Number of protein chains: 2
Amino acid sequence: MTGVKKEILRVLREAGEEFVSGQRLCQELGVTRQAIWKNIGKLRENGYQIESVPNKGYRLRSVPDRLYAPDLESRLPEDSICHRVEYHDILDSTNTRAKQLAEQGEPEGTLVVAEQQLAGKGRRGRRWSSRPGEGIWMTLLLRPGLKPAQASGITLVAALAVVGGIRRVCPAEPLIKWPNDIVLQGKKLCGILTEMSSEMDFIHYAVVGIGINVNHTDFPEELEGKATSLRIETGKEIGRQELIIAVITEFQRYYQRYLERGDLSGLLEEYNRYLANREQPVTVYYGMTEDENVTRQGIAKGIDAAGALLVEIDGVCERIVSGEVSVRGIYGYV
Amino acid sequence: MTGVKKEILRVLREAGEEFVSGQRLCQELGVTRQAIWKNIGKLRENGYQIESVPNKGYRLRSVPDRLYAPDLESRLPEDSICHRVEYHDILDSTNTRAKQLAEQGEPEGTLVVAEQQLAGKGRRGRRWSSRPGEGIWMTLLLRPGLKPAQASGITLVAALAVVGGIRRVCPAEPLIKWPNDIVLQGKKLCGILTEMSSEMDFIHYAVVGIGINVNHTDFPEELEGKATSLRIETGKEIGRQELIIAVITEFQRYYQRYLERGDLSGLLEEYNRYLANREQPVTVYYGMTEDENVTRQGIAKGIDAAGALLVEIDGVCERIVSGEVSVRGIYGYV
């Protein structure tokens with residue numbers, strides 16, 4: 001029945017100020033008048049103000065500020081990579097749920113969205129703060145025909161999509177902190193966590209988790225000065241559903257260009273344009289533990305087609321591969 | 001209580017022809033005489049012939065030809081990578097069960113063994129025949145501190161371990177068909193399927209599934225001429241538990257050498273010695289579908305430290321990466 005609510009919202013939204021007759025809804029959706037009534041009732045229960053005038057029909061007056069799967073689905077274009085949205089009020093983690101679905105055979109393109117995550121995950125299991133109502137916590141399931149070694153590009157594609165999506169819906173100019181964070185005014189705005197299940201030479205599936213700080217007005221003390229939200233930086237409340245759709249749409253565009261070539265060569269210019277540390281001094285930390293703190297200074301030049309960060313150190317260009325080192329630049333080490 | 005049965009078997013096996021008193025068992029295991037009786041009863045129910053003579057104690061007379069977790073555990077050395085064996089009469093697939101355990105936080109070193117698999121998997125979901133009583137179907141859970149790009153080596157390490165384990169317990173000289181099969185007399189004896197769950201630069205876990213045809217006396221018609229078993233080739237019934245322990249022990253030895261260097265450089269000589277197609281003509285199939293059948297002839301020279309197969313084609317050495325091409329040599333394309 002999700003499908004009927006989604007289609008009602010799509011038709012009413014497209015009609016704008018015009019009324020849509022019940023008969024037309026029945027015909028376009030191929031369902032009975034009773035099904036239309038029932039689903040409009042459900043939409044109203046969920047906060048959608050739908051005007052109904054005898055002999056004229058229905059008109060969408062207002063949409064609530066909440067996340068709602070049929071509404072999200074109704075805003076996606078027909079040829080969207082995302083064919084289904086699964087919404088939860090509360091989840092441990094959208095990545096964990098998406099992985100469960102994937103193990104059960106769910107096809108590419110399902111988007112898991114949660115209003116709140118109890119155990120939102122950063123990289124390597126670090127905790128990620130996600131309170132209800134403020135952010136976007138979502139995970140897209142992918143089944144790319146790639147080898148595991150190529151998968152690291154998915155995170156970079158998602159970073160481009162978040163930057164592109166945000167720029168489409170609000171007057172902010174976020175930048176990418178390679179490899180998997182988005183920053184605004186030097187503070188963390190978004191984190192991306194890609195996980196995958198694979199064989200030696202074959203990816204079963206990948207899940208791309210995206211967490212964006214949208215309408216937060218403040219942060220827990222330990223994140224102050226380190227994290228920010230779109231609302232704090234722009235002074236405006238941002239429509240989260242609109243932003244989700246913008247990010248997914250941008251993701252699809254970049255993802256297709258990525259799959260066509262099997263690497264990031266078609267996306268280098270755009271990625272490097274949005275790279276926070278580009279042409280800036282960075283410190284490269286070799287060794288993953290605090291005990292082995294070998295550091296070198298250099299200038300970040302951009303990424304290459306495999307997603308490595310190129311850093312000029314003593315006049316020599318070094319390829320920095322994610323996970324081997326960490327890089328600290330003017331945007332800090334979040 | 002698994003632990004008590006395991007320890008009883010360990011002590012009795014070490015004692016050999018000597019009797020072990022009930023009092024000594026109580027002391028060594030730190031349990032009551034009642035617990036010893038009860039567990040010896042359980043072992044007898046499971047087919048273990050344990051003699052008991054008043055004033056002398058217990059002696060292990062014979063061991064049944066079956067797979068039994070406490071017995072397998074009792075045969076593993078104290079410092080074995082494998083600290084726990086989980087046995088099932090029937091499973092869909094030992095890899096699937098090991099992945100479930102991994103998702104629930106199971107530590108490295110758990111071995112899942114099944115007498116029968118209903119949906120045994122080959123690479124990319126191909127079916128793998130696994131009837132009860134005849135073979136070894138097992139999966140070892142690993143949590144290597146590796147990056148996803150390094151994980152392909154795990155399959156090659158497992159191949160070495162199977163060849164080494166078989167050579168230790170029976171007079172057969174199997175060879176490795178790169179990258180993930182073991183052949184004997186040109187027929188398939190064993191397949192290896194490594195799967196992993198990872199982030200961009202961090203492996204959560206890997207599961208190494210190993211299927212060995214051990215005591216089969218025949219094969220389904222469609223596999224005739226393509227598959228063989230140790231029993232068919234040696235004329236002898238092989239103790240499956242002994243072989244499992246030998247493979248795990250060899251695996252640990254090779255795996256440690258692999259982790260020390262982070263690549264296969266310390267294992268090249270041994271791997272290449274057992275490589276079925278070494279110095280033999282092979283056909284390299286470029287393109288993964290039948291439509292794109294570009295083929296070239298060459299001579300297989302061995303693998304490199306990253307696990308790629310080196311093939312000399314027209315005097316030039318080409319690196320063949322698993323998944324990009326398939327290679328057909330004198331041992332056929334199984």
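This is a predicted model: local features need pLDDT of at least 70, side-chain atom pairs count only at pLDDT 80 or more; totals for chains, interfaces and linings use all residues.
Residues are numbered from 1 along each chain as its sequence is written, and chains are lettered from A and ligands numbered from 1 in the order in which they are written.

Let me start with the domains. Chain A is assigned domain 1 (2-62), domain 2 (69-273) and domain 3 (281-328), with bounds that come from an automatic or database domain assignment. The centres of domain 2 and domain 3 of chain A, taken over C-alpha atoms, are 25 Å apart. Between these two domains, 11 residues of domain 2 of chain A are in contact with 8 residues of domain 3 of chain A, where contact means that the C-beta atoms of two residues, placed from the backbone, lie within 7 Å. On the domain 2 side, helix 6 and helix 9 (268-273) of chain A each supply at least two residues; helices here are DSSP runs of H or I with at least four residues, strands are runs of E with at least two, and both are numbered from the N terminus. That side of domain 2 of chain A divides into 6 nonpolar, 4 polar and 1 charged residues, counting Ala, Val, Leu, Ile, Met, Phe, Trp, Tyr, Cys and Pro as nonpolar, Asp, Glu, Lys and Arg as charged, and the others, Gly among them, as polar.

Now to the two chains: how many residues does the contact take from chain A and from chain B? It takes 20 residues from chain A and 20 residues from chain B. On the side of chain A, the elements that give two or more residues are helix 6 (152-169) and strand 8 (187-199) of chain A, and the largest share, 7 residues, comes from strand 8 of chain A. By class, this side of chain A has 7 nonpolar, 7 polar and 6 charged residues.

Strand 8 of chain A also runs antiparallel to strand 8 (residues 187-199) of chain B, to which 5 bridges join it; strands are said to pair if DSSP finds at least two bridges between them. Within strand 8 of chain B, Met196(B) is the bridge partner of Ser198(A), and Glu199(B) stands opposite Glu195(A).

Strand 7 (residues 181-184) of chain B is joined to strand 8 of chain B by 4 bridges in an antiparallel arrangement, with Val183(B) bridged to Lys188(B). In the hairpin of these two strands, which has 2 residues between the strands, Gln185(B) takes a positive phi near 50 degrees. Strand 8 of chain B pairs with strand 9 (residues 202-213) of chain B in the antiparallel sense over 10 bridges, Thr194(B) having Val208(B) as its bridge partner, and this pair forms a hairpin with 2 residues between the strands.

Finally, burial. In strand 8 of chain B, 12 of the 13 residues are buried, so the strand is largely enclosed by the rest of the structure; a residue is buried if 20 or more other C-beta atoms, placed from the backbone, lie within 10 Å of its own, exposed if 12 or fewer, and partly exposed in between.
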